[in-house]
Amino acid sequence: MVDIGASTVDVCSFNLQECEEGDRYSLLISDVQQLGTIRLYNARVLALERVYKKKAEDLLNKHEPLAPIEEDEDVEQFLVSRELFISAVAEAKAELKKQFLTMLRRVIWQTKLRRAPRTSVWRTGRLPILFVGGGSKIQFFRSAVEELDDWLQYHTKNHGILLLSAPVPESFTHLEEIKDDYHFLAVTWGLSHRAMDVGEIIPADSIPDEQPPPPPPDWRRRYIGKELV
């Protein structure tokens with residue numbers, strides 16, 4: 001599950017099982033980082049700030065203090081080009097996208113390596129990704145998640161990912177004013193449940209690894225010891 005919020009992005013891998021007592025959620029790996037929609041907005045603004053600062057530094061460095069200053073000086077030299085703005089924002093978004101994808105790939109790959117390596121989804125079918133949260137409507141995050149499809153097919157034998165959204169109840173489909181804000185309504189509805197009605201939640205630290213992590217490499221074996229010199 002990938003939950004895009006205002007300030008954070010919450011990612012977790014889990015198994016959902018239907019039991020006699022109700023649903024059981026076994027959390028495998030989870031991660032939370034401040035990569036949400038506000039971070040995307042701030043990245044754009046800070047990119048513009050850096051462009052302005054660089055322009056100001058260049059103007060100050062090239063100015064000759066003893067040269068006369070014309071009162072009707074051309075203001076064009078103080079302006080920043082549109083292309084420079086676009087390039088700076090693109091670089092900022094690319095860096096944020098890199099951090100976002102690194103977070104997602106780590107959760108998926110650690111799940112494959114040690115938490116659930118025997119799951120058939122690594123060999124056939126598609127890995128289901130529940131894509132939720134108010135920020136899931138922003139194309140920046142959606143297009144980044146979609147890139148996991150080729151990445152997963154390259155590194156496993158399955159057919160990539162299956163991107164899923166929170167289903168909208170049929171009773172809401174005709175209400176246009178609700179459909180756009182359904183993500184927020186779904187969160188409110190979810191928080192209204194009592195803990196005992198949600199089902200059994202097994203935390204990650206209560207579930208042992210199926211495949212223990214490999215021991216750290218012993219770099220000393222690659223060198224000749226002082227006793228042999």
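**Helix pair H1 and H2**

I looked up how helix H1 (residues 37-62) sits against helix H2 (residues 82-115) in this predicted model. Their axes come within 9 Å and cross at roughly 140°. I noted the crossing of H1 past H2 as right-handed.

I then listed the residues that make this contact. From H1 they are Arg39, Leu40, Ala43, Arg44, Ala47, Leu48, Arg50, Val51 and Tyr52. From H2 they are Leu84, Phe85, Ala88, Val89, Ala92, Lys93, Leu96 and Gln99.

**Ser13**

Next I checked Ser13, which I found in strand S2 (residues 9-19). Is Ser13 buried or exposed? Its relative accessibility is 13%, and the limit for buried is under 20%, so I put Ser13 down as buried.

I looked for side-chain partners and found a polar contact of 2.8 Å between the side chains of Ser13 and Thr111. Setting aside neighbours within four places in sequence, I recorded Ser26, Leu27, Leu28, Ile29, Val107 and Thr111 in contact with Ser13.

**Strands around S4**

Last, I followed the pairing of strand S4 (residues 127-132). Strand S1 (residues 2-4) runs parallel to S4, and 2 bridges join them. In this pair I found Asp3 opposite Val132 of S4. S4 is also joined to strand S5 (residues 161-165), by 5 bridges and again in parallel. Here I noted Leu130 opposite Leu164 in S5.

How values were computed:
Residues numbered from 1 in each chain as written. Predicted model: local features only at pLDDT ≥ 70, side-chain atom pairs only at ≥ 80, totals over all residues. Heavy atoms only, no water. Helix = DSSP H or I, 4+ residues; strand = E, 2+ residues; numbered from the N terminus. Buried < 20%, exposed > 50% of the residue type's maximum accessible area, 1.4 Å probe, protein only. Polar contact = N/O pair within 3.5 Å; in protein donor to acceptor, adjacent residues only side chain to side chain. Contact = heavy atoms within 4.5 Å. Pairing = 2+ DSSP bridges. Axes fitted to C-alpha atoms, helices over the stretch in contact; angles between N-to-C directions. Left-handed = near helix turned anticlockwise from the far one by under 90°.
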